[in-house]
Amino acid sequence: MGKKQNKTAPTSELSVLSPDAVPWVIGERLFYQQPLPLKRLSTVMTDITDVLLSGGRGGLILDQIVDAIGEGGLKGQQRQAVMPVLVRTIVAVPEALPRICAKILENGDEKHLDAHLGGRQALAIIKTFIEQNEVGALLQDFFGLLGSLTESLATATAELTEEVGGSPSENSKT
């Protein structure tokens, strides 16, 4: 089984901005994991989302499950519609882990990882990916940015409407 090794060094501003690479021994080979550049980060997050959302149908399935739970549980046709997709998703997650981990690790080799990577180690690599790349904070910042953009557009629309002297639909009639 591979090992995760932590190096202890004095913390400085530079080490916080550029954390040490995390070494992983997988099948007698050494791989390093460090924060990803933006393009690779986006690729990995897309892969993880695709697997978790079952090729775009996961949101629908999640809605069905939540609705069913609110109604007292999955019944008849709901169970028949939901179960195959849930089973496919559960099967797809372990199958996708070597591909995802190969994109996360420096010089990741999907064939080697497919042959040697264990499930717990793969999940530990993904957990480290989330921590190193501050995925939670990144998503929070992104949604905050979207909120600011929406607010700015609403303000600009209101100001434009006041300057023109009525609603945009009223002005298009004249």
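Me: In which element is Leu153 found, and is this residue buried or exposed?

Reply: Leu153 lies in helix α7, where helices (H or I, at least four residues) and strands (E, at least two) are DSSP runs, numbered from the N terminus. This is a predicted model, in which local features need pLDDT of at least 70 and side-chain atom pairs count only at pLDDT 80 or more, while totals for chains, interfaces and linings use all residues. Residues are numbered from 1 along each chain as its sequence is written, and side-chain values use heavy atoms, with hydrogens and water left out. Leu153 has a relative accessible area of 52% and is therefore exposed (buried is under 20%, exposed over 50%, partly exposed in between; 1.4 Å probe, protein chains only).

Me: Which residues make the nonpolar surface patch of about 580 Å²?

Reply: An α-helix has 3.6 residues a turn, so residues three or four places apart point the same way. Here the patch is made by Leu139, Phe142, Phe143, Leu146, Leu149 and Leu153. Patch members have over 30% relative accessible area and no salt bridge, with like charges joined within 9 Å and nonpolar side chains (Val, Leu, Ile, Met, Phe, Trp, Tyr) within 5 Å; a salt bridge is a side-chain nitrogen of Lys or Arg within 4 Å of a carboxyl oxygen of Asp or Glu, and areas come from the Shrake-Rupley method with a 1.4 Å probe, only the protein chains shown counting as cover for residues.

Me: Which residues touch the most other members of the largest nonpolar core?

Reply: A nonpolar core is a set of buried Ala, Val, Leu, Ile, Met, Phe, Trp, Tyr and Cys residues joined through side-chain atoms within 4.5 Å. Of its 23 residues, those are Ile26, Ile100, Leu113, Ile125 and Phe129. Two or more residues come from each of β1 (22-26), α2 (38-52), α4 (76-104) and α6 (119-132), and α4 gives the most, with six. Beyond its neighbours within four places in sequence, Ile26 is in contact (heavy atoms within 4.5 Å) with residues including Phe31, Leu113 and Ile125.

Me: Where is Glu28 placed?

Reply: Glu28 sits in the loop between β1 and β2 (29-33), with a positive phi of about 70° although it is not a glycine, and counts as exposed at 78% relative accessibility.
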